[in-house]
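User: Please walk me through reading this model, starting with confidence, then the contact, then the strands.

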Amino acid sequence: MADEFILETHGLTKEFAGFFAVRDVALKVRRGSIHALIGPNGAGKTTCFNLLTKFLQPSAGQILYKGKDITAMAPADVARLGLVRSFQISAVFPHLTALENVRVALQRQHGSSFDFWRSKSVLDRFNGRARELLNDVGLNEFSDTPAVEMPYGRKRALEIATTLALDPEMMLLDEPMAGMSHEDIEKIATLIKRISAKYTILMVEHNLSVVADLSDIITVLTRGQVLAEGNYSELSRDERVKEAYLGAGHG
Amino acid sequence: MSAMTDDTLPVTPRAMRDEMLVFAAMAVLLGLVPLTDIYPFFVMQALCFALLACAFNLLIGYGGLLSFGHAMFLGTAGYCSAHALKVWGFTPELGILVGVAASGALSVVTGYISIRRQGIYFSMITLALSQLLYFIYLQAPFTHGEDGIQGIPQGYLFGIFNLAQPIVLYYVVLAGFLGGFLLIFRAINSPFGEVLKAIRENEPRAVSLGYKTDQYKLLAFILSGTIAGFAGSLKVFVAQNASLTDVHWTMSGEIVLMTLVGGLGTVFGPVVGAFVIIAMQHNLAGFGQWVLVIQGVIFVACVLTFRRGIVGEIGHYLKRSL
């Protein structure tokens, strides 16, 4: 089974002083799929996400990545196993250039990051690969631009390039389309679609048309629990899902 | 948005070349000081504080960690060097080594304790640890309490350079300062420095890329504390004493002030800031306790009008990182 499902959780629970943000969630993410986590506001999507990447420690339950129990691991160690996350607010290093942003990720895998006595020109050997990654997400003309000066959609693309630099097996994207213009959404959706050929992707997303378009399988969360799971057409006929969204004030 | 954009000075090869040119100019100017009427003791003292501020700046400007206890490294190295020179009769180079080793060991311990906390909590822990040391030094017999260790022999460095001669001492201190400065400059522009900047910019993201950020912050802390200690050891030869002033919390505050006035996170800012503050203390000595008030006013003015500090504002104006 470990081969079929890259990430599994059993009874995943997070309690904040009596309030269960995530309760008894069993999730199975199939290798090579795009799996979406949706649900109304406050359903526990982001908490669930933070649990999976170890930015939060679960109160109970188990997380298996490639059959290995990662429940007690530190976030940096999880990242080293190839399970890499993005953030809701675009996560770039604002005053580094796009090239430097990607290079910081490349540098980690190749050791020597503690060398304070060497010139950073030794990092130039990563420039080629960094440019390749930037080209790949359509950012070639931005390579010397500080991230803070890039348009929002491009920052998200840069974030994806940085994540890809780690050569992950699985990417967790936290609302990759949040705050984006229509055309940026299309660009990033195409990009996600394209990279999904190589990676497993789990994403939290509010934009249902994006979810419909991209996901192979969707898990619906409400009040911290799994309400339903299936593909988009199945779920769009599900009365409970409709109710959960309408009940929470979504049109 | 535009304000943020204006602040952006990407580190390019050109920026590094600019910095090397400014460094060369600074080295030449400082090398010419003995030919002028400028009081060398003042410059030597300023150089020690400049190196201290640069070490502090490595931690806050590039690691984003505000230490409010850097006087403990200055004072610890000072006391240990002074004791080794005076009581044990060590040669100058060994005396310096003892001081640097002591501050290095201290930075490992204090860094390990404080680095686990962030922001104001980190600052408060460093302050608390330095206060703890202050009271230990106040009571410990070897520091001679309020009197301090006085009349420290300067000796011959490497058996050749007579440090009792002001001109020799000046060039030795200058060489020490330039060496320490270059080490910091290299650390900032090293693979390690790149990671440190990334952590300062966005720590959660650095973690998500697989960096164990605490280890990088600890190394920055140890480098900073050790170099601050080196400054403290050099200062012993200049002042020929080691006293409680150097471990007092007001000293830690002065280090912060120097760095802010000069320009936080700039390469040369702390040097300029140290010279400005030390010059003020020299020239305003006649005002007695009012110096503190004047310093306070300057600090407020600095925060209100030129937040980037002197060098930061110049760099901003020239669109260069200095």
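**Confidence, contact, strands**

Analyst: Over residues 1–11 of chain B, the pLDDT is below 50. That stretch has 16 contacts in the model beyond near neighbours in sequence (C-beta atoms, placed from the backbone, within 7 Å). Where pLDDT is low, the predicted coordinates should not be read in detail. The model's scores are ipTM 0.80 and pTM 0.85.

User: What conventions apply?

Analyst: The model is predicted: local features need pLDDT of at least 70, side-chain atom pairs count only at pLDDT 80 or more, and totals for chains, interfaces and linings use all residues. Residues are numbered from 1 along each chain as its sequence is written, while chains are lettered from A and ligands numbered from 1 in the order written.

User: How many residues does each chain give to the contact?

Analyst: Chain A gives 34 residues and chain B gives 27. On chain A, α2 (75–80), β6 (83–85) and α3 (98–109) each supply at least two residues of the side touching chain B. These elements are DSSP runs, numbered from the N terminus: helices (H or I, at least four residues) and strands (E, at least two).

User: Which strands does β1(A) pair with?

Analyst: Strands pair if DSSP finds at least two bridges between them. β1 (residues 5–16) of chain A runs antiparallel to β2 (residues 19–30) of chain A, with 8 bridges. A:Leu12 stands opposite A:Val25 there. In their hairpin, A:Ala17 takes a positive phi near 45°. β1(A) also runs antiparallel to β4 (residues 60–65) of chain A, through 5 bridges. A:Leu7 has A:Tyr65 as its bridge partner in β4(A).

Terms used:
pLDDT is the predictor's confidence in each residue, from 0 to 100. Two residues are in contact if their C-beta atoms, placed from the backbone, lie within 7 Å.
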